[in-house]
Protein chains: 2
Amino acid sequence: MSILDYFLGPRKKTANVARERLQIILAHERAGRTGPDYLPQLQKELVEVISKYVSVNPDDIKVQLDRKDDLEVLEVNIVLPEVARR
Amino acid sequence: MSILDYFLGPRKKTANVARERLQIILAHERAGRTGPDYLPQLQKELVEVISKYVSVNPDDIKVQLDRKDDLEVLEVNIVLPEVARR
């Protein structure tokens, strides 16, 4: 399965809802090593960069962090406003 | 299926290879609208931000852009070097 299929799957169900969405997924595989957890700070900066391209309402940003074994997955879901982009 | 399962699936097969990986996936659902394609420039800036946190060799960055219908998925795969992070 390609990652494209992953996104196409659940989206099809809501295809009639005409909302524009941006989803960022950051997966970090640590390979058994420990180290500083920089994902939260990194995520903050990534959202700042994205805000330069699209006008984002902070309330429309949902962040979720999942961990399992050596894998850390940060998921950022942004619903873009209806107004035109900058 | 959660996005965590997606990453855990293929990774398990290569669990014995002790490499550290960072994967960024940017999915943009346009909801039928057309607009400027800012993903390539955005991706460049995202990699710049990530480089502040981890030392990345540009040769170890693989970028792939997939499009289907109103969905654009940018996938950035980074193999992190064995040396300690900054």
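This is a predicted model: local features need pLDDT of at least 70, side-chain atom pairs count only at pLDDT 80 or more; totals for chains, interfaces and linings use all residues.

Me: What share of the contacts in chain A with a separation of 6 or more comes from residues 24 or more positions apart?

Reply: Contacts may be sorted by the distance along the sequence between the partners. In chain A, residues 24 or more positions apart make up 63% of the contacts with a separation of 6 or more.

Me: How much of chain A is buried?

Reply: Of the 86 residues in chain A, 44% are buried. In soluble globular proteins, nonpolar side chains tend to be buried together.

Me: Which residues touch the most other members of the largest nonpolar core?

Reply: That core has 36 residues, and those touching the most other members are A:Leu42, A:Ile50, A:Ile78, B:Leu42, B:Ile50 and B:Ile78. Two or more residues each come from strand S1 (20-29), helix H2 (39-53) and S3 of chain A, and also from strand S1 (20-29), helix H2 (39-53) and strand S3 (71-80) of chain B. Apart from this core lies another, of 18 residues, including A:Phe7, A:Ile25, A:Val73 and B:Leu4.

Me: What does B:Ile50 contact, leaving aside its neighbours within four places in sequence?

Reply: B:Ile50 is in contact with A:Leu42 and A:Leu46 of chain A, and with B:Leu22, B:Ile24 and B:Ile78 of chain B.

Me: At what angle do the axes of H2(A) and H2(B) cross?

Reply: A helix pair is described by the distance and angle between the two axes. Here the axes of H2(A) and H2(B) come within 10 Å and cross at roughly 155 degrees. Angles over 145 degrees count as roughly antiparallel, and H2(A) is therefore roughly antiparallel to H2(B). The crossing is right-handed. Among the residues making the contact are A:Leu42, A:Leu46 and A:Ile50 of H2(A), together with B:Leu42, B:Leu46 and B:Ile50 of H2(B).

Me: Is A:Glu72 buried or exposed?

Reply: One compares the relative accessibility with a cut-off. A:Glu72 counts as buried because its relative accessibility is 3%, and buried means under 20%. This residue lies in strand S3 (residues 71-80) of chain A.

Me: With which side chain does the side chain of A:Glu72 make a polar contact?

Reply: The partner is the side chain of A:Arg67, at 2.9 Å. Not counting residues up to four places away in sequence, A:Glu72 also touches others, including A:His28, A:Arg30 and A:Asp37.

Notes. Residues are numbered from 1 along each chain as its sequence is written. Chains are lettered from A and ligands numbered from 1 in the order in which they are written. Side-chain values use heavy atoms; hydrogens and water are left out. Helices (H or I, at least four residues) and strands (E, at least two) are DSSP runs, numbered from the N terminus. Buried means under 20% relative accessible area, exposed over 50%, partly exposed in between (1.4 Å probe, protein chains only). A polar contact is a pair of N or O atoms within 3.5 Å; within protein, one must be able to donate a hydrogen and the other to accept it, and residues adjacent in sequence count only if both atoms are side-chain atoms. Contact means heavy atoms within 4.5 Å. A nonpolar core is a set of buried Ala, Val, Leu, Ile, Met, Phe, Trp, Tyr and Cys residues joined through side-chain atoms within 4.5 Å. Axes are lines fitted to C-alpha atoms, for helices over the stretch in contact, and angles run from 0 to 180 degrees between N-to-C directions. Angles under 35 degrees count as roughly parallel, over 145 as roughly antiparallel, 65 to 115 as roughly perpendicular and the rest as oblique. A crossing is left-handed if the near helix is turned anticlockwise from the far one by less than a right angle, and right-handed if clockwise.
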